[in-house]
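This note concerns the interface and the nonpolar cores of the model shown below. Please read the numbered points beside the structure.

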Amino acid sequence: MEIETVPSESKPESNPLPPKPKFEPLKAHEMSDGRVQFRKVSVPPHRYSPLKKYWMDIYTPVYEQMKIDIRMNLKARKVELKTRQDTPDISNLQKCADFVQAFMLGFDVPDAIALLRLDELYVESFEIKDVKTLRGEHLSRAIGRLSGKGGKTKFAIENSTKTRIVIADTKIHLLGSFANIKIARDSLCSLILGSPAGKVYSKLRQVSARLAERF
Amino acid sequence: MIPSAMASSTETALESLHHIKSTEPPEWLVPKQELSQAVRAASKLLFSSLKPYCPKSPFDQLLTEGFDVEQIWQQIDLQSQPLLSSLRREVKKFEKHPEEISKLKDGGVGGGEKKKKVLEQIETDNVVNDDEDDDDMDMDEDEDDEEEEDEEGEEEEDEEGEEEEKERGTEEESENEGEEKGGIEDKFLKIKELQEYLEEDEAREFGLKKKKTKAESKKEEEDTEEEGDDDDEEDENEGSEDDDDEAEEEEDELGLFDGNDEEDEDDLENARYEDFFSRKKNKSSKEKAKSRDMLEEDSGSDDEQDVDKRKDGPSKHEKELDKLRSKIEEMEKANLDPKVWTMRGEVTAAQRQKNSALEVDLDFEHNVRPAPVITEEVTASLEDLIKTRISEGLFDDVQKARTSSSKAPREIKELDESKSKKGLAEVYEEEFFQKTDPASALLTFSDELKKEASMLFKKLCLKLDALSHFHFTPKPVVEDMSIQTNVPALAMEEIAPMAVSDAAMLAPEEVFSGKGDIKEEAELTKAERKRRRANKKRKFKAEAAKRMGKKA
């Protein structure tokens, strides 16, 4: 590669400035001065066995399509990711890291895969106590309200807003596009605050219809 | 007529009369020829005997041969009517002037005798009440009357009975009217007594005045000549009045008359305003009038002079004035009193008496049509209408009003409450495809249902067409503009029923984009080949020159 020094600006001359240099974009492995980049994602104990179960589903897209090296450090209980030489884009590493992180949070592999495929998907987490301070029975009931009977309320929200929700005790994780996450979050917050499921459903219906009409 | 014949006839008639008298009452129940003959003869005799007393009668004798019952009766009636009136007049005259009675030598058939009897009785006992004598006399008279009644027969039409009754009636009138009219009165009940009791009661009511006048009259009686006349008149009054009851009452009444007469006479001479326009006077005159009327009823013979005077007292003018005054009083009273509720304008139920609205004929508007009266005709007409409607099938069914929906109904998005089978990636993938490629119809849930339904319907249609050996008329082709994309027919919605073709929707000439007459390689002539090559070369050269220019 040609490295051209940029002429210093401190040269005040009457002659016109030289043309701007053209650089081609850096390759992944050239970044950080040609050093390799790592990401490490810790594995919570309750996701250990699912990780073992779905390891190949995780490994294959990361390694094959994203061109990122991935391995599991059993001792440290971490998943490690590393760029390769032929990694096309530096953002791949981040995407893979997010993908693995999403899996660790509790999302399913097909859902988490969307992170790899689409750029504008995000994961958001919040706790119930952020919304309303609840203790004991109230807390349990709030969690029950969120899920609904057999999880139907959660699924209803998921299907109507095209998001994925993970309710882990008092922590709630959302996966989806920005606007959809917002809608899902509003519904969940209203459920936490005590509104009945029917009310939430009607609101969801309206919103989703509006969303669908846009196309 | 021949007197001998008359005499013989009279004898036969008398015989017949006696015969009739002797017959028992039950025998009259059955019509008998000999009895009727006897009766006719007797009636003839009586008729002719009465003839001299009624000058106006057109018949000399009663014509019975060949005459109907009604006709005989009419004849009797013709004779008896004027006779009765004349008799009445006579009786009145005798009442006034009893001395004339003594002049009478020949009475009628028993009539004169009876009159004499009566007069004697009058002269003998007046003031004292001899009911018994009256009763006896009455009884005798009754018996006679009854006998005559019987004789004259209750069978057939009582033609003679009428006559006799009339005679009896006249006889009764000749007596004092105080004597009974037969049958009603007896020892215990006397109508005259009743009347006089009433008078006494009224006298008691207006007691003061009467006493006053009586006193005055007594004083005055001693003075004037008129008193003397009055005394005579008194006596006469007493005599002519009824036998009954209290002399005091009679005296009172008479005194009343006299006193009043005195007063009236004085007042007439000195007529004053008070006479005409004062209440007291009117009252007393009213009282006088009342008592006067009653006495007039009682006795046929009052002092006519006195009566006339009394009548003049409250003159007609005064009477009219009285009426007017009373009317005025009434009206004034009505004006002062609170109005009747009907005249008061708006009245609620509390302001009027209970159920008072029922007595008044209220009129108010009914906004409701009155219920129809159900008659047979009405029901018949209704039934006819129903029958015609049924036969025509013209029922007034309610037509459902179609809401004209201009736009298609919005699909209600159902919330799927089950775990989505697609991963999030697939969801977004589909969404992306929908955005970019509208032709790729992604099946929604409803579309899937529709597809399923259409599949079922197609299967059904296949089976039905197999029934008709696949003979069917296809739908008529409606030509309309439609854009056809060059997509394999399979990809489009299936409209062709059976055939499956791989052919593209567009025809070759629609696909072809070119000009002119295309020829195959083999078809080209030499000259054309050469021309083609020359064109090619020219193009190549031009291109090469361009490239060179670029490089340089």
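How much area do chain A and chain B bury between them, and what share of it is on carbon and sulfur atoms?

1. Chain A and chain B bury about 2000 Å² between them, with 60% of this area on carbon and sulfur atoms. Buried area is the accessible area (1.4 Å probe) that two parts lose on being put together, summed over both. The contact (heavy atoms within 4.5 Å) involves 27 residues of chain A and 17 residues of chain B.

2. On the basis of the values: this is a predicted model, in which local features need pLDDT of at least 70 and side-chain atom pairs count only at pLDDT 80 or more, while totals for chains, interfaces and linings use all residues. Residues are numbered from 1 along each chain as its sequence is written, chains are lettered from A in the order in which they are written, and side-chain values use heavy atoms, with hydrogens and water left out.

3. Between chain A and chain B there are 3 salt bridges, a salt bridge being a side-chain nitrogen of Lys or Arg within 4 Å of a carboxyl oxygen of Asp or Glu. A:K162 and B:E431 form a salt bridge through their side chains, at 3.5 Å from N to O.

4. On chain A, the side that touches chain B draws at least two residues from each of α5 (109–117), α8 (152–161), β6 (171–177) and α10 (197–213). Helices (H or I, at least four residues) and strands (E, at least two) are DSSP runs, numbered from the N terminus. The largest contribution to this side is that of α10(A), with 7 residues.

5. The largest nonpolar core has 33 residues, of which A:L81, A:F99 and A:V100 touch the most other members. Such a core is a set of buried Ala, Val, Leu, Ile, Met, Phe, Trp, Tyr and Cys residues joined through side-chain atoms within 4.5 Å; buried means under 20% relative accessible area (1.4 Å probe, protein chains only). Elements supplying at least two residues each include α5 of chain A and α18 (424–436) of chain B, and α4(A) gives the most, with 8 residues.

Notes:
Buried means under 20% relative accessible area, exposed over 50%, partly exposed in between (1.4 Å probe, protein chains only).
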